[in-house]
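Dear colleague,

Please find below the structure that I am handing over to you. My findings follow directly after it.

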Amino acid sequence: MKQNEIENTEIKLLLDAIFLRYGYDFRRYAKASIRRRVIQFMQTSGLASISEMIPRLIHDESFFQQMAMEFSITVTEMFRDPTMFLSLRQCVLPLLKSYPSFKIWHAGCATGEEAFSLAILLHEEDLEKRATLFATDFNDQALKKAREGILEMDQAKLYTQNYQLAGGTDSFSGYYHARYGALAIKQSLKKNITFANHNLVTDHVFSETHLILCRNVMIYFNKELQERVMGLFYESLVHGGFLCLGMKESLLFSKYQDKFKVIDRKHKIFQKTAV
Amino acid sequence: MKWWNRLSYRLTVFILLLTVVPLAGVGIYTINDFHNVRLLSIEQIHGNMGQAAAERIEASLSDTIKKIELIIESSELESADVSDQEWFLQMLIKTIPHLNALKVVTVNGQEKVKVGRDSVYNPASLKQHIDLPDFSSTEDKKPIIGPVYETVLSEKIFDLYVPMSNPMDKQVVAVLVAQINIEKLLGFVTDLRVGDTGYVYVVNHQGKILIYPDHSVVLAGENALKNPLVKDFGSGQKIFETNQIYTNRKQIQVFTNVYEIKELNLLVVVVQSVDEALSSVRQITSRQIVTLAIVLLVAILLALYFIIKLNRPLGSLTTGAQQLGRGDLSHRIKVTSSDEIGTVTQSFNAMAQDLESSKKKADRLGWIRQGMVELDEQTRGEQSLEQVCTNIITFMASYLKEQVGLIHVNDGKGKFIYAAGYAFDPGENFSNDFGLGEGLPGQAALERKMVILADIPAEYITVTSSLGNSTPRHLVIVPFVYNDQVEAVMELGSLTPISEQQKSFLTETADSIAIILSAARSRQELKTSLTQTRQQAEELERQQEELQAANEEMEEQTQQLMASENKLKEQQEELQAANEELEEKTQYLERNKKKIEEKNSTLELMGQDLEKKAEDLSIASKYKSEFLANMSHELRTPLNSLLLLARLLTDNKKGNLSSDQVDSARIIYNSGNDLLALINEILDLSKIEAGKMQLSVNEIPLTELSDSLDNNFRRLVIEKGLSLDISFKKDMPKSIISDQQRILQILKNFISNACKFTSTGGVSVIFYRPDTSVVFLRKDLYHSNVIAIDVRDTGIGIPEDKQKIIFEAFQQVEGGSARKFGGTGLGLSISRELANLLGGEIKLKSQVNAGSTFTLLLPMKAPASTQSESAGRVEPIELKKPILPQVSGTAAEHVVDHPKPFQTDIPDDRDGIGSDDKTILIIEDDADFATTLLNFCREKRFKGLVSLSGEDGLKLAQAFKINAIILDIHLPGIDGWTVLESLKENTSTRHIPVHFMSADDPIPEAFSKGAMGYLTKPVTPEDMEKAISNLQSMINKGMKDLLLVEDNTNQRYAITKLISDQDVVIQEVSTGIDALSELRKNKFDCMILDLGLPDMSGFDLLKKMEKDPLITPPPVVVYTGRELTLDEESELRKYSDSIIIKGVRSEERLLDETSLFLHRVVDNMSEEKRKMISILHDPEQALQNRTILVVDDDMRNVFALSKVLTNKGAQILKAENGIKALELLNQRKGVDLVLMDIMMPVMDGYETMKKIREDSRFAKLPIIALTAKAMQRDKEDCIAAGANDYLAKPVDIDRLLSMMRVWLYR
């Protein structure tokens, strides 16, 4: 057996073990990505082979928590891809305005920056009373951080710039308190967001939603899992609801391709159409 | 300590040895000496005694001898005569007492004279011979002593032989033998005494005792061989030993010594008891022992004294030293004596004092050093600055036993910030920080000097404990300086003044604390920057990961694109290859073609003749088929009216016909029917032969088939007095895919044949799977895909030779001769053809008079009959066009010939149509039938319009508001198909449902082109009835009607315009009242409602709609300009699935949602929804009147659940989040069960459940958690938070209901 195959077998066993022991299913994550994460974690934990991680993972829950942290990528920023937010503001929110109340699901919210951005958007469009914003992730640590809503001060410049590019109508500084070298997101913004644990790999639809953001999450999934998640979104969305994917993601090869129409091709905003 | 190691014991032993050993030695020696001396003296005494005795014995013996010799000499005895001799002898005896007897013996041993003491022996009694000792050898001729012997009187006697020699020659002439009594001789010995117990005895050489103090012993003849000396003497040994000890006959230990008497060979033995002999020695010995004992006692007493005297002070010294060893340096020993021990004790005390004082010193130093070590321990390791400060202040305060302490740390900017405290209670005036020189601590920091304050004011600082407060009166402030910088300032307060020792400790530690603090600070700074760097690195890594993943995603997409491109390329290549191949083939074909053409040209010439003939034949056949096909129309059209009217007459509804007339009508009807059947059969056969027969292949449940047979034939068979038995064998499929009508046609034929040819018994129909013994003629039939249907009868049977021909057209068993059984004889031919068309075959088994079995074998899936279908599809239209003119020409001639009324001749309702009337347009060229239809419509309360041609029909359809159209296909001018197309092309007429009625067989196109029904002429009244009622329901339901309730005219106009291009009839109203009345009158498919109406609010309107029994509320789209509260929305969602707030982009949604409702058909609903509908309206005991609280923010879910549960008889309370749920629970009593969503805004399910459980009233309230989370852990969390059970979303309603039944069960 070649080294490569051995490694693949080891990874498969490892992921099976995690699934059987903890119920977290990483088996349908994109292979190359998960391989990198596993090897990276192996190196940081000072073990010599992937197989060695298995017994530790099974017996040491904290070790698994560490690993789960390593597996979940939490790259995010306020108003990431600002033009996408601009597009949301222009193409999607006016339509959402026709609902007396609506729900937004931000799946894979990580540490919540984009959820805060959405909250700002809703606030500025005077929709915050009508909107319920769910921000979910499977990573409890990240969720905890998101609930705290404390951001790094040194990002403030970038965020302000993004905010302006996203068509902000106010001043970004009005949405946070700066103190002790950190930015604290204002309570009024946070209280409209329900942060909750939801695992796209295993869990089901929890609510009827009108807009779903799931950006740069599915790039870590394999095709099969991507299809499952698309199914969840499709099921959750109301007729005419919106789906917003990451800039690098696409519905191109999905079987749900025909069930959505493109609202903004560049920013990957889609609308669920009638059957 | 072993006892022998103890000094006291040793001393004792030593003293004892010193006193007792010499004493005992001397004593023993003395005793021994004395003993020896005593022995010597014994020996001497005994010797002397012996000697004395011996001398006395010898003296008395020699005295005797001398006396005798004297006598001899003096008397010359040897020569004297006997009497003289006797006389001398007697004299001798008288002078020597111890002589017993005397005799003279001659040398040759003859006794001559013998004289006793008292007697003289006469010569007779003298002995002849006596052994005499030999004197010849002896020089001096001395007397010889004989041995001692015993006389008969037990006298101890020895003989003394005294020689008597002639004085001349000195020759011994006789011997005088003197018998001497030894006891008398030695009698004195018994009187000899040695001491008290000592005595003397004499033994002879044999050891025999001769003389003994106790005379009896001698008389007993005892010997003294017990005495070792005597023993030695007896055995002839020389005796040297003295003082021998032995046990005498009285068993007493005695000393013995001897003295030998050589002449007599006797031994004098001296004996004395040992006790007596040694009594003096013993006496001395006992005296010595007594002395020794006394000395011993004295020595012991002395030893004890010294022990006591020495041990006590030594003991206290030992305990003293041990106390010292244990650390009790204050221990001193009392000096009790002035001797050496006293001195030792004194110096011991002095030493202890020295030790004590030096230890105190060491302790103090140790305390400081230990403090520093502990401090070091407290601050060792990677601790944060705060931690270090806390540790320092805690340690310092507790080590110095201070009551309170705090520490301020230099923040690097000249400010000192409170860092940590010990038992510190920041009072009101406490300020977090101070600068250099500010306040006392500031001052201390500035001066870099320790400040000590005593008697500070009472309120300065307090020490607080739960028992009370107190104020420390002493304060010390210590600045920690390192590298010329004050790192921190520490303040310590206590109730007692600070000691020198504490102070020196503070001074000693201040520097190291400063260093520690400084190190901690720089470590903290380092750590902060390290964390920052690491975070940045992690962030970078994450971003990289994301980038990489994104790239991979893109790559994958690209790869997929490339793959599809490659696929396309491949296909292109394949196509190209195929093209090339084709080309090659074409070329090859062309070559072949040329050859064939050449051959053909010759063949053609030959064939042309044939062709011509064949053409003629085929044209003839075609004409026949065409004719027959067209004839069907022509034949059926008159038959249609004939049959219908005859039937109506038979019904005699008006009752104005006599029974004869009715019978006649019935005969007309029956004959017509027979005629129709004949025509149909002929037509069927010709159609099949012409390839025009179409199949309508569908899924047919077999039970439907059997039911249909049963319905059709049971009566007929029973009327004939036969039985009908329809049965299924095992393993039958539920359904097959085939053409039901044709199957029934075949089976009907079989059954009617069976009935025909059976007079007794019955007919049975059996459905089964053929076994392997059945041989199929068709190659595409297999046992696995075939079902068989047997029709068995008990009739006359069919002879073998006829079995084949009965399937041929126009053949009958009996030929034409005796036609007992009527019929065209086409049935079986048609059946065979039909079976063939269906992909099956027919088998026959029969015996004459034993019945027949017809078996229909059918594939489970009929082959797609493309040939017949395409023929059926295309030909009616295409073939008709060239041929129709001819036929219709003849038909037209017919029309002209017949006195048929023109279209207007039929009086229809075109002048009397009211606005509410429903109108049906009849387009039919057969005026009779049209009239019949018109009457039928009128009966059904429709208004009817009649048109005899398609052109007129179209005009009427435009001109009138038509609700439905009945359309014939064969029309003069444009035909029915064209009419249908025109109707559908026109927007104003396209919605009108069209029903075909034609003599032609129905073709599938009719429905795809928009017809809603198809009836084949001739029609029965029942068919008509059905068609009309179909239309009726179509009219009522098929239209898309929209009710628009909007008071604003412009808005109304806009909406109408937005929606009107659809297939929708819009009814506009502006008030609620109008809306209600409109709703009562008509059924709408959808309703658009503005909430703000002039007469009532939209809410009221919706409520009234709900309550009005006459109204079935349509789906409502609420279209409003108002913002809605959550409650309002929730209220509205009860009635409306769609709420649209007017805005810039709202029209889009309005259009979308409206069209959604308008086109939603029940059949399109998902399986699940259907199921939900099916379980509606089924009230259930378990849920009846139960109050269920549904807590969920998802309206969709809430309404779905409420709908189901309400219909099950439960009462539903709703709450969209946890807070609302708790409020509801508090307000409303009697909630029986809670359905709890987990993921909700404001307060989630977990928290809500915990809150509910906290309230004791709800401890047992069943809660079922509903969650989208799927993991085992989530379930556990739910249960842990207080849920009784758990159900994953999407909710399976059956499971939920059964779960609720369980939890509601009482």
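Predicted model: local features only at pLDDT ≥ 70, side-chain atom pairs only at ≥ 80, totals over all residues.

In terms of residues, 58 from chain A are in contact with 47 from chain B.

Across this interface, 19 residue pairs are in polar contact, both residues being at pLDDT 80 or more. The side of chain A that touches chain B draws at least two residues from each of several elements of chain A: helix 2 (31–44), helix 4 (61–71), helix 5 (82–96), helix 10 (223–236), strand 2 (131–137), strand 6 (193–197) and strand 8 (237–245). Helix 2 of chain A supplies the largest share of that side, with five residues. By residue class, the side of chain A that touches chain B comprises 21 nonpolar, 22 polar and 15 charged residues.

Over all chains, the whole structure holds 43 salt bridges, and nine salt bridges are counted between chain A and chain B. One salt bridge links Arg36(A) to Glu552(B), with 2.6 Å between the closest N and O atoms. Another salt bridge is formed by the side chains of Lys103(A) and Asp1193(B), at 3.4 Å from N to O. This pair joins two chains, because Lys103(A) lies in strand 1 (residues 102–107) of chain A, whereas Asp1193(B) lies in the loop between strand 37 (1187–1191) and helix 28 (1195–1207) of chain B.

Finally, chain B carries a nonpolar patch on the surface, formed by Val290(B), Ile294(B), Val298(B), Leu302(B), Tyr305(B) and Phe306(B). Together these residues have about 570 Å² of accessible area. Ile294(B) is placed in helix 6 (residues 274–326) of chain B.

Yours sincerely

Key:
Residues numbered from 1 in each chain as written. Chains lettered and ligands numbered in written order. Heavy atoms only, no water. Patch = residues over 30% accessible without salt bridge, like charges linked within 9 Å, V, L, I, M, F, W, Y side chains within 5 Å. Areas by Shrake-Rupley, 256 points an atom, 1.4 Å probe, with all protein chains shown as cover. Salt bridge = Lys/Arg side-chain N within 4 Å of Asp/Glu carboxyl O. Helix = DSSP H or I, 4+ residues; strand = E, 2+ residues; numbered from the N terminus. Contact = heavy atoms within 4.5 Å. Polar contact = N/O pair within 3.5 Å; in protein donor to acceptor, adjacent residues only side chain to side chain. Nonpolar A, V, L, I, M, F, W, Y, C, P; charged D, E, K, R; others polar.
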